[in-house]
Amino acid sequence: MLVVMANIVLLFLLKYHPQGAAKASQLWKLVPRFESHVFTDDIFHFDNRQGSSPITREISVTTGVVKTSESSVRNTNTYSMALEASIGSFTASAEFSQELEKSFTSSNEENWSKTEKITFTIPPHKNFKVMQHRVSFKGVNPKDSCSLMTSTKTFESDTATFSDPDNFIMEE
């Protein structure tokens, strides 16, 4: 269902050639605006199978959309100098080289999300984890890229593996 949701959320960029539709190359084209990747993220895991008492932990869970964009500029200058001198049959030379690199990175984060703190008590002899569905959208324009964080599910087990009868976990 999440894959269907991700495909519905996709926006399309329409291209049209203003001189009519005489050739196939001049017809309307649907061009995907995003490449999406749907997966389940392991946001908390605590194995208390060796423990003899309950353990309480508080975690932060974010749901919603987070858009992060980053741009960087890098400039490298190389300076070099060579000197050679000779007297008769004797020749001496020296070389010097230095590289100077300057870089500037700027990042911006916008979000339409909420973060909640949730407290869990992990009983003794239990393996416990919290997982969350996540969709990453990689935009044609890097500034359009974002992540959608949705539902969470708690798993508890007596072993190293977890049962997932409703197929919540999506393999990458």
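In this protein chain, the predictor's confidence is lowest in strand 1 (residues 12-15), at a mean of 37, and highest in strand 7, at 94. That confidence is the pLDDT, given for each residue from 0 to 100. Over residues 1-17 the pLDDT is below 50, yet beyond near neighbours in sequence this stretch has 34 contacts in the model, a contact being heavy atoms within 4.5 Å. Where pLDDT is low, the predicted coordinates should not be read in detail. For the chain, the mean pLDDT is 84, and 85% of the residues reach 70 or more.

This is a predicted model, in which local features need pLDDT of at least 70 and side-chain atom pairs count only at pLDDT 80 or more, while totals for chains, interfaces and linings use all residues. Residues are numbered from 1 along each chain as its sequence is written, and side-chain values use heavy atoms, with hydrogens and water left out.

**Strands and how they pair**

- Helices (H or I, at least four residues) and strands (E, at least two) are DSSP runs, numbered from the N terminus; two strands pair if DSSP finds at least two bridges between them.
- Strand 4 (residues 55-87) runs antiparallel to strand 5 (residues 90-122), and 33 bridges join the two.
- Within that pairing, Thr-78 has Glu-99 of strand 5 as its bridge partner.
- Two residues separate strand 4 from strand 5 in a hairpin, and Gly-88 in the turn has a positive phi of about 65 degrees.
- Strand 4 also pairs with strand 7 (residues 146-157), again in the antiparallel sense, over three bridges; here Gly-64 stands opposite Met-149.
- On strand 7 you will also find strand 6 (residues 127-139), paired in the antiparallel sense over ten bridges.
- Ser-136 faces Ser-147 of strand 7, and strands 6 and 7 form a hairpin with six residues between them.

**Aromatic rings**

- Rings of Phe, Tyr and Trp (its six-membered ring) pair if their centres lie within 6.5 Å; planes under 30 degrees apart count as stacked, over 60 as edge-to-face and the rest as tilted. By this rule there are six aromatic pairs.
- One of them joins Phe-34 and Phe-137: the ring centres are 5.7 Å apart and the planes stand at 70 degrees, so the pair is edge-to-face.
- Phe-34 belongs to strand 3 (residues 34-47) and Phe-137 to strand 6, so this pair ties together parts that are 103 residues apart in sequence.
- Residues are called buried under 20% relative accessible area, exposed over 50% and partly exposed in between (1.4 Å probe, protein chains only). Phe-34 counts as buried at 15%, and Phe-137 is buried at 7%.
- Phe-155 and Phe-162 make another edge-to-face pair, because their ring centres are 6.2 Å apart and their planes are at 70 degrees; both Phe-155 and Phe-162 are buried.
- Lys-129 lies over the face of Phe-155, at 6.0 Å from the ring centre. A charge sits over a ring if NZ of Lys or CZ of Arg is within 6 Å of the ring centre and within 35 degrees of the ring normal.
- Phe-44, Phe-120 and Phe-128 are linked by ring pairs into a cluster.

**Salt bridges**

- Side chains of opposite charge can pair when their charged atoms come close.
- A salt bridge here is a side-chain nitrogen of Lys or Arg within 4 Å of a carboxyl oxygen of Asp or Glu, and the whole structure has nine of them.
- Asp-144 bridges to Arg-33, with the closest N and O atoms 2.3 Å apart. The pair links distant parts of the chain, 111 residues apart: Asp-144 is in the loop between strand 6 and strand 7, and Arg-33 is in the loop between strand 2 (29-32) and strand 3.
- Asp-144 is buried at 18% relative accessibility, whereas Arg-33 is partly exposed at 28%.
- Lys-126 bridges to Asp-158, with the closest N and O atoms 2.7 Å apart. Lys-126 is in the loop between strand 5 and strand 6, and Asp-158 is in the segment after strand 7, 32 residues apart.
- Lys-126 is partly exposed at 22%, while Asp-158 is exposed at 51%.
- A network of salt bridges links Lys-126, Glu-156 and Asp-158.
- Asp-164 bridges to Lys-153, with the closest N and O atoms 4.0 Å apart. Asp-164 is in the segment after strand 7 and Lys-153 is in strand 7, so the pair ties together parts that are eleven residues apart in sequence.
- Asp-164 is buried, with a relative accessible area of 17%.
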